[in-house]
Every structure is written in structure tokens, then in C-alpha cells.
Protein chains: 2
Amino acid sequence: MKIRKELAKGSTPLLVLGVLARGEMYGYQIIKTVELESRQVFQMNEGTLYPILHALEMEGLLTSRWVQVEGSARKRKYYQITEKGRKELADERAAWDTYQTAVNRVLGGVQNAAT
Amino acid sequence: MKIRKELAKGSTPLLVLGVLARGEMYGYQIIKTVELESRQVFQMNEGTLYPILHALEMEGLLTSRWVQVEGSARKRKYYQITEKGRKELADERAAWDTYQTAVNRVLGGVQNAAT
DNA sequence: AAATATACCTTGACAATCTATGTATTTCGT
DNA sequence: ACGAAATACATAGATTGTCAAGGTATATTT
């Protein structure tokens, strides 16, 4: 299915861009945030997230910076969404709405919407 | 992501089971029906559909029968949903609702819900 | 007569995700 | 004080769903 492809490709990136649109965040934090906000529905894998973050950065949709945690040896890599990223997010949001609506139409409306 | 997998795996089968829940249909008709009802959003591939139909039949979610088209050499393979198929459909529908809700929550509500 | 639509099917390639693995630091419980 | 679990980054190989392409055949439209 045509749109399925775009959607499948964009499903996780959509969520990533979605949370980053509110402000910079580091990888582990993204996982926890998505987990929390989806009420445990999404348990994003590290092996899924990190390659996506790198890919989005390569595409210029995100930028990143290393931040040293105060009084600690630990470093975190914070990601910020770019203007291009915001445009992509808008596009993917629209695609998601289209997809969502289409599935619900085929299934006979949302749950039991009016006939 | 955990549920993503179920969904990805179940996305097209969900639509197939969804349309077959209304009555028996043959492959080509399923493609056209989904295309029409999704308003051209889904253009299901034959290479995607037929293997799925066969798999669903193997799992006992569908049954099929060949029907000779009246006054023609053409045969069509009609598929019917089974009781087991209806249960599966109910499960997948529920999973879809959960998924949909979770994405919308992470994205901050549907489209531009109240901040 | 040729092109398009209908109708079934399979195979090989590709792309997205997962599991597993690796390294290192920090915190919590006992 | 020690071990387990959580935090935090990353990559590689296997799995899986979908697609493009190819194949066969009939029916309809131009």
C-alpha cells in the first residue's frame, strides 16, 4: 500500500520529532518520555531509536550537542529539532491524520461512529 | 516498539478482516473496496494481499471457495471470515485503537487539541 | 487488433524494527 | 561494601512486512 510505506517509515520518527518539537532532549529521555506519555503503550527500543536519531540528524532535521552532567563523568547527547525538522513534522503529522482517517473509514468509522 | 510490531504485522490484515467481516469477497474486490473506502489512500498491492489471504486462511481466520462466473470462463476465489477470524478482528481493532490513542497522546492530542 | 481492466499467483529485493551485544557510569538495596 | 538495576551511549545481525516485477489467463473497451 502506497501511503503505508510513508507511514511505516515515518511512524517512529514522527514520535521522535513530536517530542523534540517541545524542546531539546537526549536519547534515553526520549524513550522514557514516549513511554510515559503513551502510557506504556510504546516501549521504544534503543536499537530502534539511536539509528533514527542519527538518520534524522544526517537529514538535517535535528542537531545535537554533548552536555556534561554537572559533577559527574556522564555525558548526554541532546537533540534539537531544526526548522526543516518542524516542516517534516508537519508533513508527517498530516500523513498520520490521513492514514488514521483512512483506516477508520475502512473499519467502518471510529469504533462506532454514526453510520 | 512493542505494540508497533503487532500493529505493523496486523495493519493490512486488519483492513482485510475488516472488510470481510461484512460478507464474503474475492481478492481483487477486496483491493478495490479498500481503495474506494479509504478514498484512494490505500492502494493495496496484489503482491501484498494474496500472501496475506493465504496466511490468514492457514491460520484458520478465513475460509475460501472458488466460484465460476456465470456465462464465463473466469473463476473467482471468495473468502469468508471465520469465528476465529472475528475474534482476531476484535483484538486487532482494539490494538489499533490503543495504538491510535497512544500516538495522538504523544503528539499532543489530535491535530491541535487544547494545549 | 491492441490496450486496458479483471483475476489469480510467486519470487527476489528492500526497508523498518528487534534482539543481542558492547561499553561505561550512577544509584539503590541489602 | 557489593551486586543489581537503572542510566546512557552505540552497532550488527536476524527477522519481518511490503513492494516491484514477473507470470498466466480472461474480458472489455477503443
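Let's start with a word we need: two residues are in contact when they have heavy atoms within 4.5 Å of each other. With that in hand, look at chain A of this predicted model. Take the contacts in chain A with a separation of 6 or more: residues 24 or more positions apart account for 49% of them.

What is chain A built from? It has four helices and three strands, and if you read along the sequence they come in the pattern α-β-α-α-β-β-α. How many of its residues are tucked away? Chain A has 115 residues, and 44% of them count as buried. As for the surface, chain A exposes about 6,300 Å², and 52% of that comes from carbon and sulfur atoms.

Now find the strands of chain A. They make an open sheet of three strands in the order 1-3-2, with antiparallel pairing. Strand 1 (25-26) and strand 2 (62-68) of chain A are the edge strands, and each of them pairs on one side only. Follow strand 2 of chain A to strand 3 (residues 75-81) and you'll see antiparallel pairing over seven bridges. If you'd like one pair to look for, A:R65 has A:Y78 in strand 3 as its bridge partner.

Chain B gives you another sheet to explore. Three strands of chain B form an open sheet, again in the order 1-3-2 and with antiparallel pairing. Why does one side of strand 1 (25-26) lack a neighbour in the sheet? Strand 1 and strand 2 of chain B stand at the edges and each has a single partner strand, so one side of each is left without a neighbour. Strand 2 (residues 62-68) and strand 3 (residues 75-81) of chain B run antiparallel and are joined by seven bridges. Along this pairing, B:S64 stands opposite B:Y79, and B:W66 stands opposite B:K77. A handy rule to keep in mind here is that side chains in a regular strand alternate between the two faces of the sheet. The hairpin made by strands 2 and 3 of chain B has six residues between the strands, and there B:G71 takes a positive phi near 55°.

Next, move to helix 2 of chain B, residues 27-37. Which of its residues are buried? They are B:G27, B:I30, B:I31, B:T33, B:V34 and B:E35. Just after this helix, B:R39 takes a positive phi of about 55°.

Time to look for charged partners. Side chains of opposite charge can pair when their charged atoms come close. Over all chains, a search of the whole structure finds six salt bridges. One of them joins the side chains of A:R22 and A:E37, at 2.7 Å from N to O. A:R22 sits in the loop between helix 1 (2-20) and strand 1 of chain A, while A:E37 is in helix 2, so this pair links distant parts of the chain, 15 residues apart. Both ends are partly exposed: A:R22 has a relative accessible area of 46%, and A:E37 has 25%.

Helix 2 of chain A also holds a pair of its own. The side chains of A:E35 and A:K32 meet in a salt bridge of 3.9 Å, N to O, and these residues lie three residues apart, about one turn of the helix. Buried or partly exposed: which is A:E35? A:E35 counts as buried, at 17% relative accessibility, since buried means under 20%. A:K32, at 38%, counts as partly exposed.

Over in chain B, the side chains of B:R65 and B:E24 meet at 2.5 Å, N to O, in another salt bridge. B:R65 lies in strand 2 and B:E24 in the loop between helix 1 (2-20) and strand 1, so the pair ties together parts 41 residues apart in sequence. B:R65 is partly exposed at 43% relative accessibility, and B:E24 is partly exposed at 31%.

Where they meet, 35 residues of chain A are in contact with 35 residues of chain B. Of the interface residues of chain A, 97% are also interface residues in chain B, so the copies meet through the same surface. The size of an interface is often given as the accessible area lost when the parts come together. Here chain A and chain B bury about 3,500 Å² between them, with 59% of it on carbon and sulfur atoms. And how many salt bridges cross this interface? The rule finds zero between chain A and chain B.

Definitions and conventions
Residues numbered from 1 in each chain as written. Chains lettered and ligands numbered in written order. Predicted model: local features only at pLDDT ≥ 70, side-chain atom pairs only at ≥ 80, totals over all residues. Heavy atoms only, no water. Buried < 20%, exposed > 50% of the residue type's maximum accessible area, 1.4 Å probe, protein only. Helix = DSSP H or I, 4+ residues; strand = E, 2+ residues; numbered from the N terminus. Areas by Shrake-Rupley, 256 points an atom, 1.4 Å probe, with all protein chains shown as cover. Pairing = 2+ DSSP bridges. Buried area = accessible area lost by both parts, 1.4 Å probe. Salt bridge = Lys/Arg side-chain N within 4 Å of Asp/Glu carboxyl O.
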